[in-house]
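Hi,

Here is the structure I said I would pass on.

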Amino acid sequence: MTIGTFFGELVKSLFKRPATERYPYDRKPTPERLRGKLHYDPEKCSGCQMCIRDCPSQAIELVTIDKENKRFVMIYHMNRCTFCDQCVQSCRFNCLDLSSEEWELASLQEEPLTIYYGRDEDVQFLLENQAEPGTEAHPCEE
Amino acid sequence: MEIKKVDEGKFVVPIGPQHPALKEPGHFEFTVDGEIVMDAKVRLGFVHRGIEKMAEQRTYTRDLYLMERVCGICSHVHGTAFTLGVEKLAGVTAPPRAQAIRVIIAELERIHSHLLWLGVAAHEGGFDTLFMYSWRDRETVMDLLELLSGNRVHYSANVLGGVKFDINPVQTDQIRRGVDYLEERTQFYQKVVTTDNTFLGRTRGVGYMSREQAELQGAVGPTARASGVTRDVRVDAPYSFYPQTPVQIVLDDGGDLTARFIVRIKELFEAYRLVRLLLDNLPEGELATRMPRRIPAGEVISRVEAPRGELMYFIRSNGTDMPERVKIRTPSLCNWGTITSTAVGLKLADMPMLLAGIDPCFSCNDRMIRVRRAGEPGVMTWDQIKAGKGGWSV
Amino acid sequence: MSAAQAWLTLLVFPGGFFLLATGLLYEFIDRKLVARYQNRVGPRWFQPLADVVKLLAKEEIIPTGVEKTLFIGLPIVGLAGALTAALYVPIAGLPPAFSFRGDLIVTLYLLSLMTLCLGLSGANTVNRFSIIGATRTLTQLFSYEAPFLLALLGPALSADSWQIGQINDYAINNLWMIVTQPIGFLVALVGLMGKLELPPFDAPEAETEIVSGALTEYSGRGLALFRLGKDVELVIGLTLISALYLGGLANPLEFLLKTLCVLLVMAGLQSLFARLRIDQTVGLWWRIGALLALLQLLAITIGKVLL
């Protein structure tokens, strides 16, 4: 039966630095396995769309421009992504990867959160086509 | 505006759905006579999200992540319950290494959940110093989980048929160091909650529940074990890797709030022991086996021990890649009865701690329950539900 | 005393502006110390001021079912009482602005006025949390007041005076009364914490039970005034205890050092305990506090008779 079991701890804390991390000023290194922004390598992709079937939040879309020549564009909606790693697990060709560096992804607008992956000319081709009405390609949405 | 008068000198104190004591929405009505609580009512259902219905329109893989989001604190254990159920339906067993990693993550999650609870309960009792210290130390286990999985909260360790990541020797060392530190800290917290007079003054003898009462009310988890009920799924029906690493059930006969503190803190020690044991005896092998996309038709009940008690999943498959029905029974739901029965006669000031004593998770609770009385039909039609008839409550 | 001097005394020093500024500063120091005891960073130096400015700028909602005059008037009376009390204590180590025989008792009752206003403002509304908070505030007032008063009477008896200025002088020229009357010091310190509703005696405003107690319905100006009143009370309480028990306050430096030392101890006590239930608070004060204070008084009387 005691009173003030915390006394020793309190005195120690008075002479200790606060445990609070001063986040935007002091940054701790991120762990190796941190799940951040999704990266896509179109060169390895076979267009099997397994990642899209398994994505729990419908955050990725794949637009096939030319399957024979392996021309794909992946539209990644970062605002929907839950960073669960399921797409990476589902991909048999290792063309997806979650970055451990890019994780401060918040944005007030939607545009920076929609990312087009693919060869530059393919992305250009897709964006030009999308600009025309009626040709929007959203294979993932019902 | 008038005060809702119940009786002369008595009035109803509403707590919630918006109240500083509640971190999630719930509604409680305490009829008080001065400071003494005469009656307690619980009303839940403010964060109903329709997860069970949603699950019927998604594939099993996508459901897994939905289930993790039933609860933000015990996400892994929900995922594990679902995965174990689906694996059983498909007739697949995850490799032993995957099972062991699942258990390690589950025990780390239990540590994080119990430390979080310790802080919340202390805060409800107005002991903010204990709150701050226990949450500071909880960061250690959060960092360990982030180290292993890459996420602090939704670890998403499971895939159907195994786990996503391995534990390498460097991480093993880090976990060991973290667990050693936490064990030392937990010993201090044990000293605080068992010997500090001001704290004991708020917990000892408060909310006493006898073993018979606990069994009658259907209490589960640490709440039941603090009343001496031997109920722990890890012991009663070991799953995953628990048969190979037996758990020693933590019991206390106190039945009051002090006992609930003691049980949870002793469970922390048990979790530290289990994590160390598992790290020493991590079986070699694959991390995942192949899983069919279409799950054979059938029904399964999957039970696991969440930090709050027994968690039950019922899954029915119709042979497609989507479940026909998923029913979740969360542990918090079973423990509400103990609140309304033990609250009467206590002081109003005890209520926040009594509520915190069962470690309630409100968003877990928000599913429909119906108490079926003898002779009533077991099936309800939509019209009955809409009309609010038939003794159901959300 | 000329009119200009009187205005200066009332509005700038030690009455108005100086006291409010010191109050905010001491609130900051208290919050910072508690934060450091809890291994946190704590607020920045202007946080209490920013809080008050923000509250003053906000709309004051007058809820349905209250007596409007009382609702608006009570915070003003409370703060005014606390500010008036400052005229009789040696703020900043300088002699009190006003002084007469028996001003110790007047000061103590001016300080209680604040608590009374708090209780009345809670009872004035129809909010259930406020009413419970008001009941608890007044219950607490009745429990700590007697031991607190008795504890402050000890130095008065030793100094043979009921005038704070004279007790202060006596304390400066004699052995510190914390040495001769340690029990009285302890009771007075803890009594001050009860008066200010600091943890562990914060049952009247326990946020996890009754939201904000008697102040639940207050917003904007009223809330700001009550908070300022509490800050002022904190400074006066610290001054009183330092003057009476810690060898008196002879100059501003001594004032600063001694009050901050008491604050350091008080912040430690705030973070050391779990909140007491109101019945535990009452029990503690009447069973232990009052008894100890009486014992102390008895010891002083016996000492005086024998010497």
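C:Ser158 sits in helix α6 of chain C (helices are DSSP runs of H or I with at least four residues, strands are runs of E with at least two, and both are numbered from the N terminus). This is a predicted model, where local features need pLDDT of at least 70, side-chain atom pairs count only at pLDDT 80 or more, and totals for chains, interfaces and linings use all residues. Residues are numbered from 1 along each chain as its sequence is written, while chains are lettered from A and ligands numbered from 1 in the order in which they are written.

Back to that serine: C:Ser158 counts as buried because it has 20 C-beta neighbours inside 10 Å (20 or more is buried, 12 or fewer exposed, in between partly exposed, with C-beta atoms placed from the backbone). Setting aside neighbours within four places in sequence, C:Ser158 contacts C:Met177 and C:Ile300; a contact means C-beta atoms, placed from the backbone, within 7 Å. C:Tyr170 is twelve residues away along the chain, and its C-alpha atom lies 8.6 Å from that of C:Ser158.

Now for where chains C and B meet. Each chain puts 27 residues into the contact. On the chain C side, α6 (128–159), α10 (207–210) and α13 (278–306) each supply at least two residues.

As for chain B itself, its secondary structure comes to 15 helices and eleven strands. Its C-alpha trace spans about 70 × 55 × 35 Å along the principal axes, and 51% of its 394 residues are buried. Of the chain B contacts with a separation of 6 or more, 68% join residues 24 or more positions apart.

Cheers

Technical notes:
Two residues are in contact if their C-beta atoms, placed from the backbone, lie within 7 Å.
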